[in-house]
Amino acid sequence: MEKNFIRVRSTKDITISLTLTIAGGVLVALPTATSVNILGFFMIFAGIILFLMLRTGYKETETGDRYNKTERFFSQGMRNEIAEKIASKPSAVNLGEEDKGNAVRLDIYHSKQSGKAYIQLFEYVPYKYEPCTRQFEYEISETGKLI
């Protein structure tokens, strides 16, 4: 069964946005030079924009569990080898061949809370990545160095 993941705000996103907004508010409230107050307004504005735009976390739609996503890119020649290895033993994937091309993308959704990782291989066809394997579910300990 395919898991669907949607992008959501992570704790890190909210922390960054709040820190910028609060620091900007402090700079505006301090009785300092006008340039410091202007910097504070820009920091408040940046914090609000980042709060609206940042979504680096992922949530599984059925259970509501939160996941992190790791992407690894490989050349086209590695496609069959990676597909075989993620079907049986994902920790055996050769990461020495990583970043030698963008034709194949390996997506890993992992969560320490649930202890699970979902792995799927995608192949680039013009203008988008298409899945070339089904989604595999593993315990997070089995994925080893991929995360």
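This is a predicted model: local features need pLDDT of at least 70, side-chain atom pairs count only at pLDDT 80 or more; totals for chains, interfaces and linings use all residues.
The largest pocket has a volume of about 300 Å³, and its lining is made up of 16 residues, with Ser10, Gly57, Arg66, Tyr67 and Asn68 lying nearest the centre. Two or more lining residues come from each of helix H1 (11-29), strand E2 (57-60), strand E3 (66-74) and strand E4, and of the contributing elements E3 gives the most, with four residues. When the lining is divided by class, eight of its residues are polar, five are charged and three are nonpolar.

Strand E4, which spans residues 104-111, includes serine 111. This serine is buried, its relative accessible area being 2%, and its side chain reaches the backbone oxygen of arginine 66 at 3.0 Å. Once neighbours within four places in sequence are left aside, serine 111 is in contact with Arg66, Tyr67, Lys116 and Ile140; of these residues, Arg66 and Tyr67 are also among those nearest the centre of the largest pocket.

The largest nonpolar core comprises 14 residues, within which Phe74, Ile82, Ile86, Leu106 and Ile119 have the most contacts. At least two residues of this core are supplied by each of helix H3 (79-88), E4, strand E5 (116-125) and strand E7 (136-139). For isoleucine 86, the contacts beyond four places in sequence are with Val93, Leu106, Ile119, Leu121, Thr133, Phe136 and Tyr138.

How values were computed: Residues are numbered from 1 along each chain as its sequence is written. Side-chain values use heavy atoms; hydrogens and water are left out. Buried means under 20% relative accessible area, exposed over 50%, partly exposed in between (1.4 Å probe, protein chains only). A polar contact is a pair of N or O atoms within 3.5 Å; within protein, one must be able to donate a hydrogen and the other to accept it, and residues adjacent in sequence count only if both atoms are side-chain atoms. Contact means heavy atoms within 4.5 Å. On a 1 Å grid over the protein atoms alone, a cavity is a set of points where a 1.4 Å probe fits but cannot get out, and a pocket is an open set with protein on both sides within 12 Å along at least five of seven lines; lining residues have an atom within 4 Å of a point. Grid points are joined across faces, edges and corners, and a volume is the space filled by probe spheres set on the points. Ala, Val, Leu, Ile, Met, Phe, Trp, Tyr, Cys and Pro count as nonpolar, Asp, Glu, Lys and Arg as charged, and the others, Gly among them, as polar. A nonpolar core is a set of buried Ala, Val, Leu, Ile, Met, Phe, Trp, Tyr and Cys residues joined through side-chain atoms within 4.5 Å.
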